[in-house]
Amino acid sequence: MADGKKTATLTLDGKSIDLPVLSPTAGPDVVDIGKLYGQMGVFTHDPSFTSTSSCESSITFIDGDLGELLHRGYPIDQLAEKSHYLEVCFLLLYGELPTAAQLEDFESRVTRHTMVHEQMHRFFTGFRRDAHPMAVMVGVVGAMSAFYHDSTDVNDPWQREVASIRLIAKVPTIAAMAYKYSVGQPFVYPRNDLDYASNFLRMCFAVPCEEYEVDPILTRAMDRILTLHADHEQNASTSTVRLASSSGANPFACIAAGIACLWGPAHGGANQACLEMLREIGTVERIPEYIKRAKDKDDPFRLMGFGHRVYKNFDPRAKVMKQSADEVLDLLGIENNETLKVAKELEKIALEDEYFVSKKLYPNVDFYSGIILDAMGFPTSMFTPIFAVSRTVGWISQWKEMIADPNMRIGRPRQLYTGPTRRDYVDVEDR
């Protein structure tokens with residue numbers, strides 16, 4: 001917040017303006033340029049908004065240089081180690097860790113909203129069997145507003161609360177249905193006696209002809225994947241949700257917009273790209289060839305899943321995810337899976353090779369999550385939908401925070417126009 005004393009002075013064409021400097025609880029100061037255009041007649045130019053604060057938020061803080069990720073002040077590694085996904089959801093939504101009674105109530109409310117309206121099943125038959133699950137999710141999540149009219153008024157706090165619970169509860173069901181549809185199997189209904197992660201795994205892998213028991217190691221690994229991806233500050237998809245929300249759009253439409261943005265390979269598709277790279281390498285014997293290519297600046301090949309745009313030191317989520325990856329691979333074995341053999345050897349080399357160590361290209365959370373999901377039996381097409389399941393609570397938390405902000409206005413970025421100036425129309429016969 002601004003302390004009323006600190007300012008930055010901008011001088012242009014002999015005219016000066018003092019701009020307030022806002023000081024956050026953590027991170028760099030922010031120069032408030034809200035009155036710049038009105039008083040100086042100029043815009044700022046910041047492609048991709050990498051140096052621009054778009055909002056005030058108290059949910060998540062990232063320090064890329066220190067390799068730190070905090071949710072409401074709690075380090076992500078502590079949350080992933082000691083907590084579980086729905087407890088982190090409560091923390092993100094309401095600002096504090098729940099008491100035992102609050103957590104029981106929250107888990108009960110989420111669990112009893114996991115079923116989707118029966119008529120929504122018909123949406124799936126309108127898609128081709130080979131449709132990407134993310135395409136299905138964008139459509140079905142957006143269509144939720146056609147079924148749940150009693151939770152679309154963004155100005156009603158109670159309706160916002162109901163919509164929040166519904167989305168956290170139903171998006172896993174929709175993702176599992178998208179997967180089941182793609183493989184030609186019947187939908188599996190959720191069960192109220194299972195925890196969040198176990199329920200999702202069962203809806204994805206159970207079949208009516210036999211009982212399905214979820215292994216606790218796999219449940220814990222899935223819960224960690226969900227926890228570690230729950231929110232990541234003002235990334236592309238979160239910013240998309242906020243921008244869509246600024247128009248007053250209903251929450252289901254806003255989350256569908258976030259899912260669409262997450263679909264991009266530079267964002268939510270990173271772990272899929274990583275696994276596809278491992279499959280391209282193919283065998284352990286070919287790793288040296290690809291390591292050499294990765295070090296060659298003139299070669300277009302890049303190792304996916306190493307380093308991170310935000311984290312300049314290490315990804316704090318990766319250490320916890322590595323532990324889960326080791327547990328899952330010990331359980332399921334990698335002896336007959338060449339891709340996982342490549343992953344383990346590549347991880348070993350990257351942690352020891354001077355080139356990768358000096359450039360801090362450590363395996364990141366996408367590297368390990370891709371390995372885990374592949375070992376569990378998920379196709380790469382499901383990696384990003386699972387990411388969307390996890391990130392839904394982050395989007396909702398950011399959406400609720402934005403809607404409650406008295407300073408909220410519809411988003412309207414500016415531009416540096418480089419097209420032609422005014423021209424007069426010429427009749428076609430004279431051109």
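Me: Which residues have the most contacts inside the largest nonpolar core?
Reply: I168, F200, M222 and F378. The core has 105 residues. Keep in mind that this is a predicted model.

Me: Which helix gives the most to this core?
Reply: Helix α7, residues 157-182. The helix contributes 13 residues.

Me: And where does the core lie relative to the domains?
Reply: Between domain 2 (75-265 + 380-392) and domain 3 (269-376), because both give residues to the core.

Me: Back to I168. What is I168 in contact with, leaving aside its neighbours within four places in sequence?
Reply: L86, C89, L93, F106, V110 and Y196. Then T392, V393 and I396 as well.

Me: New topic. Where does UniProt place the feature "active site"?
Reply: At H308 and D366, according to an unreviewed UniProt entry.

Me: Where does H308 lie?
Reply: In the loop between α13 (287-295) and α14 (316-332). Not counting residues up to four places away in sequence, H308 touches H232, D315 and R317.

Me: What about the place of D366?
Reply: D366 is in helix α17, residues 365-376. Leaving aside neighbours within four places in sequence, its contacts are H229, A270, N271 and C274.

Me: Is D366 buried or exposed?
Reply: D366 counts as buried, at 11% relative accessibility. The cut-off for buried is under 20%. H308 has a relative accessible area of 24%, so H308 is partly exposed.

Me: Switching to rings. How many aromatic pairs does a search of the whole structure find?
Reply: 18 aromatic pairs. One of them is F124 with Y181, which is tilted. The rings are 6.5 Å centre to centre, with 55° between the planes.

Me: Which parts does that F124 and Y181 pair tie together?
Reply: F124 lies in helix α5 (residues 121-125) and Y181 in helix α7, so the pair ties together parts that are 57 residues apart in sequence. Both F124 and Y181 are buried.

Me: How are the rings of F306 and F367 placed?
Reply: Their centres are 5.0 Å apart and their planes are at 55°, so this pair is tilted. F306 lies in the loop between α13 and α14 and F367 in helix α17, so the pair ties together parts that are 61 residues apart in sequence. Both F306 and F367 are buried.

Me: Which residues form one aromatic cluster with F306 and F367?
Reply: Y355, F356 and Y368.

Me: Last topic, strand β4. Are the faces of β4 covered or uncovered?
Reply: Both faces of β4 (residues 60-63) are covered. T60 and I62 are on one side, F61 and D63 on the other, and all are buried. In a regular strand, side chains alternate between the two faces of the sheet.

Me: In which sense do β4 and β5 pair?
Reply: Antiparallel, over four bridges, with β5 being residues 68-71. D63 stands opposite E68 in β5.

Me: What do β4 and β5 form?
Reply: A hairpin, with four residues between the strands. G67 in the turn has a positive phi of about 65°.

Technical notes: Residues numbered from 1 in each chain as written. Predicted model: local features only at pLDDT ≥ 70, side-chain atom pairs only at ≥ 80, totals over all residues. Heavy atoms only, no water. Buried < 20%, exposed > 50% of the residue type's maximum accessible area, 1.4 Å probe, protein only. Helix = DSSP H or I, 4+ residues; strand = E, 2+ residues; numbered from the N terminus. Pairing = 2+ DSSP bridges. Core = buried A, V, L, I, M, F, W, Y, C linked by side-chain atoms within 4.5 Å. Domains from an automatic or database assignment. Contact = heavy atoms within 4.5 Å. UniProt positions renumbered as here; feature names shortened; annotations may be inferred. Phe/Tyr/Trp six-rings, centres within 6.5 Å; stacked < 30°, edge-to-face > 60°.
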